[in-house]
Amino acid sequence: MPTTVVALALGRWPLSSQACQVFGFFNMFTLVQSVLSLCNISINRYVIVCKPFRFPTIYTTKRSIMMIIACTSISIIISTPPLFGWAEYGYVDEQFYCFCLWPKSPSYAFFMIGVCFGIPLTVMAICNVLIFTAVQASKKRTARSSRSSMAISKNISIQESSSDTEVQTKTEKDKKEKRETENKKEHKNVDMVDVQVEMSDSNTETNDVKKRLSKLPSNKVKAEDIRLALALAICVVCFFISWFPFCISMLIGIYAPNAVSNDFHLATLLIGYSNSCMNPVIYGIINKRIGKGFRDLFCRCRCCSKEKL
(Lines give C-alpha, C1' and ligand atoms only; values in the text may rest on other atoms or scores of the structure.)
Protein backbone atom coordinates (compact mmCIF):
# COMPACT_ATOMS: atom_id res chain seq x y z
CA MET A 1 0.00 0.00 0.00
CA PRO A 2 2.78 2.57 0.71
CA THR A 3 4.28 2.03 -2.74
CA THR A 4 0.83 2.49 -4.28
CA VAL A 5 0.44 5.80 -2.46
CA VAL A 6 3.89 6.96 -3.65
CA ALA A 7 3.15 5.89 -7.24
CA LEU A 8 -0.22 7.64 -7.09
CA ALA A 9 1.45 10.85 -5.89
CA LEU A 10 4.24 10.72 -8.49
CA GLY A 11 2.14 9.35 -11.34
CA ARG A 12 4.71 6.62 -12.06
CA TRP A 13 6.49 3.66 -10.50
CA PRO A 14 9.41 5.12 -8.46
CA LEU A 15 11.61 1.99 -8.36
CA SER A 16 13.19 -0.40 -10.89
CA SER A 17 11.38 -3.03 -12.94
CA GLN A 18 12.99 -5.80 -10.87
CA ALA A 19 11.62 -4.21 -7.70
CA CYS A 20 8.22 -4.03 -9.40
CA GLN A 21 8.30 -7.77 -10.02
CA VAL A 22 9.20 -8.38 -6.35
CA PHE A 23 6.37 -6.15 -5.14
CA GLY A 24 3.99 -7.77 -7.64
CA PHE A 25 4.87 -11.21 -6.32
CA PHE A 26 4.36 -10.19 -2.69
CA ASN A 27 1.08 -8.47 -3.53
CA MET A 28 -0.18 -11.70 -5.09
CA PHE A 29 1.25 -13.84 -2.28
CA THR A 30 -0.36 -11.82 0.52
CA LEU A 31 -3.70 -11.72 -1.31
CA VAL A 32 -3.75 -15.50 -1.77
CA GLN A 33 -2.56 -16.00 1.81
CA SER A 34 -5.42 -13.85 3.11
CA VAL A 35 -8.03 -15.84 1.18
CA LEU A 36 -6.66 -19.24 2.20
CA SER A 37 -6.32 -18.13 5.83
CA LEU A 38 -9.97 -17.08 5.91
CA CYS A 39 -10.86 -20.44 4.37
CA ASN A 40 -8.75 -22.26 6.95
CA ILE A 41 -10.34 -20.35 9.82
CA SER A 42 -13.83 -21.07 8.43
CA ILE A 43 -13.09 -24.80 8.55
CA ASN A 44 -11.71 -24.34 12.08
CA ARG A 45 -14.92 -22.61 13.23
CA TYR A 46 -17.05 -25.30 11.58
CA VAL A 47 -15.24 -28.06 13.45
CA ILE A 48 -15.36 -26.32 16.84
CA VAL A 49 -19.09 -25.48 16.54
CA CYS A 50 -20.41 -28.54 14.71
CA LYS A 51 -17.87 -31.20 15.82
CA PRO A 52 -16.72 -29.95 19.26
CA PHE A 53 -15.73 -33.39 20.56
CA ARG A 54 -13.39 -33.98 17.61
CA PHE A 55 -11.82 -30.51 17.71
CA PRO A 56 -9.04 -31.30 20.26
CA THR A 57 -7.89 -34.33 18.25
CA ILE A 58 -8.00 -32.54 14.88
CA TYR A 59 -6.48 -29.18 15.88
CA THR A 60 -3.46 -30.19 17.88
CA THR A 61 -0.53 -27.76 18.00
CA LYS A 62 1.47 -29.82 15.52
CA ARG A 63 -1.39 -30.14 13.05
CA SER A 64 -2.23 -26.44 13.35
CA ILE A 65 1.37 -25.52 12.50
CA MET A 66 1.27 -27.91 9.54
CA MET A 67 -1.96 -26.29 8.30
CA ILE A 68 -0.37 -22.83 8.46
CA ILE A 69 2.73 -24.08 6.63
CA ALA A 70 0.54 -25.73 3.97
CA CYS A 71 -1.45 -22.51 3.54
CA THR A 72 1.74 -20.49 3.09
CA SER A 73 3.30 -23.04 0.72
CA ILE A 74 0.22 -23.16 -1.51
CA SER A 75 0.18 -19.35 -1.62
CA ILE A 76 3.83 -19.28 -2.77
CA ILE A 77 3.25 -21.97 -5.40
CA ILE A 78 0.19 -20.23 -6.83
CA SER A 79 2.00 -16.88 -6.97
CA THR A 80 5.16 -18.06 -8.78
CA PRO A 81 3.88 -18.86 -12.33
CA PRO A 82 4.25 -15.23 -13.54
CA LEU A 83 7.92 -15.42 -12.59
CA PHE A 84 8.38 -18.37 -15.00
CA GLY A 85 6.44 -17.26 -18.06
CA TRP A 86 2.76 -17.95 -17.26
CA ALA A 87 1.59 -14.30 -17.13
CA GLU A 88 3.88 -11.48 -16.01
CA TYR A 89 4.31 -9.12 -13.07
CA GLY A 90 4.54 -5.45 -13.98
CA TYR A 91 3.31 -1.94 -13.28
CA VAL A 92 -0.45 -1.45 -13.76
CA ASP A 93 -0.93 2.14 -14.93
CA GLU A 94 -4.65 2.26 -14.14
CA GLN A 95 -4.20 1.24 -10.51
CA PHE A 96 -0.73 2.65 -9.73
CA TYR A 97 0.74 -0.54 -8.34
CA CYS A 98 2.69 -3.62 -9.38
CA PHE A 99 0.68 -6.76 -9.93
CA CYS A 100 -0.03 -9.40 -12.52
CA LEU A 101 -0.68 -8.05 -16.02
CA TRP A 102 -3.91 -9.95 -16.64
CA PRO A 103 -4.41 -9.08 -20.35
CA LYS A 104 -1.13 -10.87 -21.18
CA SER A 105 -2.44 -14.16 -19.81
CA PRO A 106 -6.24 -14.51 -19.48
CA SER A 107 -5.86 -18.19 -18.63
CA TYR A 108 -3.88 -17.36 -15.48
CA ALA A 109 -6.47 -14.71 -14.60
CA PHE A 110 -9.28 -17.29 -14.73
CA PHE A 111 -7.13 -19.76 -12.82
CA MET A 112 -6.59 -17.21 -10.04
CA ILE A 113 -10.27 -16.22 -9.94
CA GLY A 114 -11.24 -19.88 -9.57
CA VAL A 115 -8.52 -20.94 -7.13
CA CYS A 116 -8.26 -17.77 -5.03
CA PHE A 117 -11.85 -16.56 -5.14
CA GLY A 118 -14.33 -19.18 -6.31
CA ILE A 119 -13.20 -22.33 -4.47
CA PRO A 120 -12.30 -20.68 -1.11
CA LEU A 121 -15.52 -18.67 -1.04
CA THR A 122 -17.52 -21.82 -1.81
CA VAL A 123 -15.84 -23.65 1.08
CA MET A 124 -16.40 -20.66 3.39
CA ALA A 125 -20.04 -20.40 2.36
CA ILE A 126 -20.65 -24.12 3.00
CA CYS A 127 -18.94 -23.95 6.41
CA ASN A 128 -20.96 -20.91 7.46
CA VAL A 129 -24.24 -22.44 6.26
CA LEU A 130 -23.49 -25.60 8.26
CA ILE A 131 -22.58 -23.47 11.30
CA PHE A 132 -25.85 -21.53 10.96
CA THR A 133 -27.82 -24.78 10.69
CA ALA A 134 -26.07 -26.21 13.77
CA VAL A 135 -26.73 -23.02 15.76
CA GLN A 136 -30.44 -23.11 14.89
CA ALA A 137 -30.65 -26.78 15.88
CA SER A 138 -28.83 -25.99 19.13
CA LYS A 139 -31.32 -23.20 19.91
CA LYS A 140 -34.23 -25.60 19.39
CA ARG A 141 -32.62 -28.20 21.67
CA THR A 142 -31.99 -25.53 24.31
CA ALA A 143 -35.64 -24.42 24.12
CA ARG A 144 -36.87 -28.01 24.51
CA SER A 145 -34.46 -28.54 27.40
CA SER A 146 -35.74 -25.37 29.10
CA ARG A 147 -39.34 -26.52 28.73
CA SER A 148 -38.44 -29.93 30.14
CA SER A 149 -36.63 -28.30 33.06
CA MET A 150 -39.65 -26.13 33.83
CA ALA A 151 -41.92 -29.17 33.69
CA ILE A 152 -39.65 -31.13 36.04
CA SER A 153 -39.42 -28.18 38.44
CA LYS A 154 -43.21 -27.90 38.42
CA ASN A 155 -43.55 -31.61 39.19
CA ILE A 156 -41.09 -31.22 42.06
CA SER A 157 -43.15 -28.36 43.52
CA ILE A 158 -46.35 -30.43 43.22
CA GLN A 159 -44.67 -33.38 44.90
CA GLU A 160 -43.38 -31.22 47.75
CA SER A 161 -46.80 -29.60 48.22
CA SER A 162 -48.52 -32.98 48.18
CA SER A 163 -46.02 -34.35 50.70
CA ASP A 164 -46.61 -31.40 53.05
CA THR A 165 -50.39 -31.87 52.79
CA GLU A 166 -50.11 -35.57 53.55
CA VAL A 167 -47.90 -34.87 56.57
CA GLN A 168 -50.30 -32.21 57.87
CA THR A 169 -53.33 -34.54 57.45
CA LYS A 170 -51.63 -37.42 59.20
CA THR A 171 -50.49 -35.17 62.04
CA GLU A 172 -54.01 -33.83 62.65
CA LYS A 173 -55.41 -37.35 62.55
CA ASP A 174 -52.81 -38.52 65.06
CA LYS A 175 -53.63 -35.63 67.41
CA LYS A 176 -57.30 -36.50 67.23
CA GLU A 177 -56.57 -40.14 68.00
CA LYS A 178 -54.39 -39.06 70.92
CA ARG A 179 -57.27 -37.09 72.45
CA GLU A 180 -59.66 -39.99 71.99
CA THR A 181 -57.49 -42.64 73.63
CA GLU A 182 -54.05 -43.04 75.10
CA ASN A 183 -54.04 -46.70 74.12
CA LYS A 184 -53.24 -45.80 70.50
CA LYS A 185 -50.05 -43.89 71.41
CA GLU A 186 -47.79 -46.65 70.23
CA HIS A 187 -49.69 -46.95 66.96
CA LYS A 188 -49.39 -43.19 66.45
CA ASN A 189 -45.65 -43.32 66.95
CA VAL A 190 -45.39 -46.00 64.32
CA ASP A 191 -47.39 -43.85 61.88
CA MET A 192 -45.11 -40.88 62.54
CA VAL A 193 -42.07 -43.02 61.77
CA ASP A 194 -43.70 -44.07 58.50
CA VAL A 195 -44.38 -40.43 57.64
CA GLN A 196 -40.77 -39.48 58.34
CA VAL A 197 -39.52 -42.33 56.16
CA GLU A 198 -41.88 -41.24 53.38
CA MET A 199 -40.71 -37.63 53.71
CA SER A 200 -37.10 -38.77 53.61
CA ASP A 201 -37.75 -40.80 50.46
CA SER A 202 -39.57 -37.87 48.86
CA ASN A 203 -36.74 -35.46 49.73
CA THR A 204 -34.15 -37.90 48.41
CA GLU A 205 -36.02 -38.20 45.12
CA THR A 206 -36.34 -34.40 44.91
CA ASN A 207 -32.64 -33.92 45.55
CA ASP A 208 -31.78 -36.48 42.88
CA VAL A 209 -33.90 -34.64 40.32
CA LYS A 210 -32.33 -31.31 41.30
CA LYS A 211 -28.86 -32.81 40.90
CA ARG A 212 -29.75 -34.01 37.41
CA LEU A 213 -31.00 -30.53 36.56
CA SER A 214 -27.79 -28.96 37.84
CA LYS A 215 -25.77 -31.24 35.57
CA LEU A 216 -27.42 -30.00 32.38
CA PRO A 217 -24.69 -28.83 29.92
CA SER A 218 -23.71 -25.19 30.01
CA ASN A 219 -23.82 -23.13 26.81
CA LYS A 220 -21.26 -20.46 27.83
CA VAL A 221 -18.29 -21.87 25.93
CA LYS A 222 -20.33 -22.70 22.87
CA ALA A 223 -21.91 -19.24 22.90
CA GLU A 224 -18.43 -17.72 22.64
CA ASP A 225 -17.57 -20.05 19.76
CA ILE A 226 -20.78 -19.05 18.02
CA ARG A 227 -19.94 -15.35 18.41
CA LEU A 228 -16.52 -15.97 16.84
CA ALA A 229 -18.17 -17.89 14.02
CA LEU A 230 -20.55 -14.96 13.50
CA ALA A 231 -17.61 -12.56 13.37
CA LEU A 232 -15.90 -14.79 10.81
CA ALA A 233 -19.07 -14.95 8.69
CA ILE A 234 -19.21 -11.14 8.67
CA CYS A 235 -15.51 -11.04 7.72
CA VAL A 236 -16.17 -13.41 4.82
CA VAL A 237 -19.06 -11.27 3.57
CA CYS A 238 -16.93 -8.12 3.86
CA PHE A 239 -14.10 -9.86 2.02
CA PHE A 240 -16.42 -10.82 -0.83
CA ILE A 241 -17.89 -7.30 -1.05
CA SER A 242 -14.41 -5.74 -0.97
CA TRP A 243 -12.69 -7.90 -3.58
CA PHE A 244 -15.52 -8.83 -5.96
CA PRO A 245 -15.33 -5.44 -7.73
CA PHE A 246 -11.60 -6.06 -8.22
CA CYS A 247 -12.42 -9.33 -10.03
CA ILE A 248 -14.85 -7.43 -12.24
CA SER A 249 -12.08 -4.92 -12.96
CA MET A 250 -9.78 -7.80 -13.93
CA LEU A 251 -12.27 -9.14 -16.48
CA ILE A 252 -12.97 -5.67 -17.88
CA GLY A 253 -9.22 -5.06 -18.23
CA ILE A 254 -8.90 -8.29 -20.24
CA TYR A 255 -11.91 -8.07 -22.57
CA ALA A 256 -12.89 -4.37 -22.61
CA PRO A 257 -9.93 -2.28 -21.47
CA ASN A 258 -11.45 1.00 -22.65
CA ALA A 259 -14.98 0.37 -21.40
CA VAL A 260 -14.52 2.18 -18.08
CA SER A 261 -12.31 4.96 -16.78
CA ASN A 262 -9.09 4.48 -14.86
CA ASP A 263 -10.82 5.88 -11.78
CA PHE A 264 -13.04 2.78 -11.70
CA HIS A 265 -10.04 0.43 -11.71
CA LEU A 266 -8.33 2.47 -8.99
CA ALA A 267 -11.50 2.54 -6.87
CA THR A 268 -11.82 -1.26 -7.00
CA LEU A 269 -8.24 -1.59 -5.74
CA LEU A 270 -8.79 0.88 -2.90
CA ILE A 271 -11.98 -0.94 -1.88
CA GLY A 272 -9.98 -4.17 -1.79
CA TYR A 273 -7.27 -2.50 0.32
CA SER A 274 -9.94 -1.27 2.76
CA ASN A 275 -10.71 -4.89 3.65
CA SER A 276 -7.40 -5.06 5.54
CA CYS A 277 -8.71 -2.80 8.31
CA MET A 278 -12.14 -4.43 8.67
CA ASN A 279 -11.32 -7.70 10.43
CA PRO A 280 -9.85 -6.23 13.66
CA VAL A 281 -12.84 -3.90 13.96
CA ILE A 282 -15.35 -6.71 13.37
CA TYR A 283 -13.70 -9.08 15.84
CA GLY A 284 -13.17 -6.29 18.38
CA ILE A 285 -16.85 -5.31 18.34
CA ILE A 286 -18.38 -8.80 18.40
CA ASN A 287 -15.90 -10.59 20.68
CA LYS A 288 -15.52 -8.96 24.09
CA ARG A 289 -12.27 -10.77 24.89
CA ILE A 290 -10.54 -9.54 21.73
CA GLY A 291 -11.96 -6.05 22.32
CA LYS A 292 -10.52 -6.07 25.83
CA GLY A 293 -7.17 -7.21 24.40
CA PHE A 294 -7.16 -4.24 22.00
CA ARG A 295 -8.00 -1.82 24.83
CA ASP A 296 -5.28 -3.24 27.08
CA LEU A 297 -2.73 -3.00 24.24
CA PHE A 298 -3.61 0.62 23.44
CA CYS A 299 -3.63 1.60 27.11
CA ARG A 300 -0.23 -0.03 27.60
CA CYS A 301 1.19 1.82 24.58
CA ARG A 302 -0.27 5.10 25.81
CA CYS A 303 1.16 4.60 29.31
CA CYS A 304 4.60 3.85 27.84
CA SER A 305 4.43 7.04 25.74
CA LYS A 306 3.56 9.11 28.81
CA GLU A 307 6.44 7.58 30.78
CA LYS A 308 8.89 8.49 27.99
CA LEU A 309 7.61 12.06 27.98
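Visitor: How many cavities of 30 Å³ or more does the count come to by this rule?

Guide: The count comes to one cavity of 30 Å³ or more; on a 1 Å grid over the protein atoms alone, a cavity is a set of points where a 1.4 Å probe fits but cannot get out. The model is predicted, with local features needing pLDDT of at least 70 and side-chain atom pairs pLDDT 80 or more, while totals for chains, interfaces and linings use all residues. Residues are numbered from 1 along each chain as its sequence is written, and side-chain values use heavy atoms, without hydrogens and water.

Visitor: What lines the largest cavity?

Guide: Its lining comprises 14 residues, with L31, M112, C116, C247 and M250 nearest the centre; lining residues have an atom within 4 Å of a point. The space in the largest cavity is about 150 Å³. By class, the lining has 14 nonpolar, no polar and no charged residues.

Visitor: Why is α2 called oblique to α4?

Guide: The axes of α2 (residues 17–50) and α4 (residues 61–79) cross at roughly 140° and come within 9 Å. Angles under 35 degrees count as roughly parallel, over 145 as roughly antiparallel, 65 to 115 as roughly perpendicular and the rest as oblique; α2 is therefore oblique to α4.

Visitor: Which residues of α2 and α4 meet?

Guide: Among them, F25, M28 and F29 in α2 and M67, C71 and T72 in α4 take part, where contact means heavy atoms within 4.5 Å. By class, this contact of α2 with α4 has 10 nonpolar, six polar and no charged residues.

Key: Axes fitted to C-alpha atoms, helices over the stretch in contact; angles between N-to-C directions. Helix = DSSP H or I, 4+ residues; strand = E, 2+ residues; numbered from the N terminus. Nonpolar A, V, L, I, M, F, W, Y, C, P; charged D, E, K, R; others polar. 1 Å grid on protein atoms, 1.4 Å probe; cavity = no way out; pocket = protein on both sides within 12 Å on 5 of 7 lines; lining within 4 Å. Points joined across faces, edges and corners; volume = space filled by probe spheres on them.
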